[in-house]
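Take a look at the sequence and the model below. Then read on for a short tour.

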Amino acid sequence: MPTEHLFVDGALAAANMAQRIAALLADAIAARGVATIALSGGRSPKPVLEALSQVALDWDKVIVTLVDERWVAPDHADSNERLIRENLLRGKAAAARFVPMKNDAADAYAGQAECEATFAALPWPLDIILLGMGEDGHTASLFPEAGELAEGLSTQAHVLAVTPPAAPHQRMSLSAAAILASRHIFLQIGGAAKKAVYDRALAGGPVEELPIRVALCQHGVSVEVWISQ
Ligand SMILES: O=C1O[C@H](COP(=O)(O)O)[C@@H](O)[C@H](O)[C@H]1O
């Protein structure tokens with residue numbers, strides 16, 4: 001069972017979560033000299049990224065990367081890299097090393113081999129993976145009904161290119177195996193609709209129906225779920 005943190009206020013959840021993440025990053029630096037965190041994009045992480053950017057930490061020893069990316073230019077409004085650069089990699093956190101998923105390939109499929117080489121060179125297991133979840137139960141870019149879902153759930157590669165069935169842009173996503181090659185998984189759940197999906201995912205069923213079950217229905221990695229209204 002995941003550990004649940006319940007908040008009525010999203011800002012309070014973000015502030016507490018940032019402190020918890022910073023403490024784990026500091027522990028990792030103390031233990032191994034380096035800390036690694038892979039972050040989600042979308043709307044949910046912005047407040048926690050802003051809070052984290054103001055925390056005092058040996059940020060020059062922190063590697064920041066993504067759990068998924070939309071295959072758009074890094075200055076595009078939908079770019080997850082842009083979200084991280086604008087909200088986390090500033091202030092105290094400006095010294096962190098950012099490893100992008102997006103490269104210069106024309107599409108995500110053409111960029112997959114280079115991205116895999118980049119991710120294979122990271123120090124696994126990653127210390128923290130911060131997941132989001134869509135109301136369709138997708139996490140990272142492991143979408144229900146995507147043509148690449150079976151591959152994403154079974155491959156031992158770190159990343160794969162994905163075409164979402166009902167969302168814009170080709171994606172690059174961590175595989176299920178890479179998500180579970182981590183020391184701590186955090187999941188952000190905001191609002192009643194996502195909470196209902198989360199409850200359904202916890203109740204059990206096929207991972208293909210709600211891919212967030214990759215993180216929730218396993219016993220190898222500790223999972224903290226941060227829930228706000
Ligand atoms: O497309 C994506 O969606 C999920 C959820 O995003 P949110 O806007 O509902 O928070 C996100 O976790 C993922 O990284 C992103 O690429």
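The report covers the ligand shell, a sheet and its helices.

This is a predicted model, in which local features need pLDDT of at least 70, side-chain atom pairs count only at pLDDT 80 or more, and totals for chains, interfaces and linings use all residues. Residues are numbered from 1 along each chain as its sequence is written.

Start with the ligand. S40, G41, G42, R43 and S44 are among the residues surrounding it. A residue is near a molecule if its C-beta atom, placed from the backbone, lies within 6 Å of it. The shell has two nonpolar, eight polar and two charged residues. Here Ala, Val, Leu, Ile, Met, Phe, Trp, Tyr, Cys and Pro count as nonpolar, Asp, Glu, Lys and Arg as charged, and the others, Gly among them, as polar.

Now the sheet. Strands of a sheet pair through backbone hydrogen bonds, either parallel or antiparallel. This open sheet has three strands in the order β4-β8-β7, with antiparallel pairing. Strands (E, at least two residues) and helices (H or I, at least four) are DSSP runs, numbered from the N terminus. Two strands pair if DSSP finds at least two bridges between them. β7 and β8 pair over four bridges.

| β4 | 68-70 |
| β7 | 159-162 |

Finally, the helices. α2 (residues 46-53) and α3 (residues 80-87) have axes that come within 8 Å and cross at roughly 40°. Axes are lines fitted to C-alpha atoms, for helices over the stretch in contact, and angles run from 0 to 180 degrees between N-to-C directions.
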